[in-house]
Amino acid sequence: MAAAAVLVAWGLSARRATAEIRFEDVTAAAGIRFTLRHAPTPSKRMIETMAGGLAVFDFNGDGRLDIFFTNGAAPEGLRKVSPDFFNRLYRNDGGLRFSDVTERAGIAGEGFSMGAAAADYDNDGDEDLFVAGVFRNMLYRNDGDGTFSEITSASGISSEEWAVAAGWFDYDGDSLLDLFVVNYADWTLEFDRYCGNRARGLRVYCHPKYLTPIASRLYRNQGSGRFEDVTAQARLSEHKGRGMSAAFVDFDGDGRQDIFVTNDNLPNFLFLNQRDNTFAEDALLAGAALLDHGRPVASMGVDVGDFDGDGAADISVTALSNETYPLFRGDGAGSFQDVTVPSGLAKASRSYAGWGNVLGDFDLDGRLDLFTANSHVNDLVEHFEPFAYRQPNTVFRNLGGTFTETQEVGDVGAHRGAAAADFDGDGLLDLVVSALGEPALLFRNVSDRQGAWVKLDLVGTQSNRDALGARVRLGSQTRWVKGAAGYASSRRGPVHFGLGGETEPLRIEIDWPSGIRDTVRSVPTNRQTTVTEPRDSKPR
């Protein structure tokens, strides 16, 4: 009840915004010509409807954020038999223009790819890339010259399971980024259960209950490009789910990164880091396993942010139509409350089915809005339920802790992965979205500005140069440097703040992953500032 009261108070005290959040489709002019080939078959293989992760990162170090799309494979043998199935890397050339550099970069991939996670795992200053897929995971080392080397076998990372997503984080505090791979279920190419209505000739993708849950995997970074599977040692192998995506934040404030995993039609997982290289699953007691009605939903994408300005990490999840988009309000000590109804999201999201989700300040008013990439999982849902398969994307505007204003973005489509980033350097967060069997979309943010902006490029010391896990505070706003975002996707790059009514001089406080607390004063507005972790400070 306390959380509901706080949210209602926020909503009543907030003035209704008169400006609008607006996006324009600039895909064609930007030169992005990628179509996700998910290879649908009459057998309705589950993998077909779950593709679509992407990664936004600066692969060539020129200060501009590039885009990587995962792609499917031919139905027979799940091989990329033609360039149509290549994963694609688009280099940002500036001015919202992109060039396809896939083949030169050596990153076309193999197999049926699903998720992507970028980070500098070897601390050489270049962003590397992990690609999760169906029986085929791939690790690419960035060689620093615009090309990548595929080193999966040598790294010790396995590929026997169906992986949907992944994320980088430092779970053991040794300043080397470790890898968490989100696995979905025990599935084979021979699975051929008929689901739907035979009499009407309507075959649909089967309910997840027909697939056996499996455990996700944790790989410890040993340095020198080698990883060790520590799933069992970390006490993660005993927790089997149907994982869709993951988020990595210190949810309980003990200084170590925890893991939140969305599960499809099973309770979510919250793995709390025990600071002894093991995790304890605590989602049910913490209040984040289920919504208050006590039933599992089709939890898919996940993003973390402080939507109500109290300094604690909150969790946004997407799910199917009629399930609403769950929102869990954190208390900073590892406990959560379901605030989907009092926040207004239950009503606002009821008719939509979501995959990718992004918490970002799209109008620079100092509040985190919610973008979701929408589409139902069942391409024949109209024959069975009063919902649509192809749906428009949505922005739920934060009006002061409530999301009662909804704006649709773009045309209807089978949207999946999504990420937000300032691709043109104007301070507004733009959007990139993938879609099954349709061209990917790039949306330029042309919203009315409600304030100035700040972008911070955090550079860690020689160890953990990416600063993944850092917490950044500016006034009442808090951001985290995250190793995964939304559905099966990741977004690297500067930490972004809209300032609303804030004016200079600005004071920013950074809790670095090493434990050092740093204060940066007189940060200029409407520009990007590089902040390097101090070497002569002691941990807090």
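Residues are called buried under 20% relative accessible area, exposed over 50% and partly exposed in between, with a 1.4 Å probe and protein chains only. The model described here is predicted, and local features therefore need pLDDT of at least 70, whereas side-chain atom pairs count only at pLDDT 80 or more and totals for chains, interfaces and linings use all residues. Residues are numbered from 1 along each chain as its sequence is written, and side-chain values use heavy atoms, with hydrogens and water left out.

The secondary structure of the protein consists of seven helices and 40 strands, where helices (H or I, at least four residues) and strands (E, at least two) are DSSP runs numbered from the N terminus. The C-alpha trace spans about 65 × 55 × 50 Å along its principal axes. For the 540 residues of the protein, a compact globule would have a radius of gyration near 24 Å, and the value of 21 Å found for the protein agrees with this; the radius is taken over C-alpha atoms, and the globule rule is 2.2 Å times the number of residues to the power 0.38. Of the 540 residues, 64% count as buried. The accessible surface comes to about 19300 Å², of which 46% belongs to carbon and sulfur atoms, the areas being derived by the Shrake-Rupley method with a 1.4 Å probe and, for residues, with only the protein chains shown counting as cover.

The charged side chains comprise 54 positive and 76 negative ones, and the centres of the two sets lie 2 Å apart. In this count Lys and Arg are positive and Asp and Glu negative, while His and the chain ends are not counted; the place of a charge is taken as NZ of Lys, CZ of Arg, CG of Asp or CD of Glu. Side chains of opposite charge can pair when their charged atoms come close. A search of the whole structure finds 30 salt bridges, each defined as a side-chain nitrogen of Lys or Arg within 4 Å of a carboxyl oxygen of Asp or Glu.

One of these salt bridges joins Glu110 to Arg136, with the closest N and O atoms 3.0 Å apart. Glu110 belongs to the loop between helix 4 (102–105) and strand 6 (113–119) and Arg136 to the loop between strand 7 (128–133) and strand 8 (138–142), so the pair ties together parts that are 26 residues apart in sequence. Both residues are partly exposed, Glu110 at 38% relative accessibility and Arg136 with a relative accessible area of 30%.

A further salt bridge is formed by Arg329 and Asp310, whose closest N and O atoms are 3.1 Å apart. This pair links distant parts of the chain, with Arg329 in strand 24 (residues 327–330) and Asp310 in the loop between strand 22 (302–305) and strand 23 (314–317), 19 residues apart. Arg329 counts as buried at 16% relative accessibility, whereas Asp310 is partly exposed at 36%. In the salt bridge between Arg517 and Glu509, the N to O distance is 4.0 Å; here Arg517 is partly exposed, with a relative accessible area of 39%, and Glu509 is buried, with 16%.

Asp369, placed in strand 27, is buried yet has no salt bridge, the nearest side chain of opposite charge being that of Arg397 at 5.0 Å. Leaving aside neighbours within four places in sequence, the contacts of Asp369 include Ile21, Val358, Phe362, Val395, Arg397 and Phe403.

Positive phi angles occur at two leucines. Leu96, although not a glycine, has a phi of about 55 degrees; Leu96 is found in the loop between strand 4 (88–94) and strand 5 (97–100) and is buried, with a relative accessible area of 11%. Leu364, likewise not a glycine, has a positive phi of about 65 degrees, lies in the loop between strand 26 (354–360) and strand 27 (369–374), and is buried with a relative accessible area of 0%.

Notes. Contact = heavy atoms within 4.5 Å.
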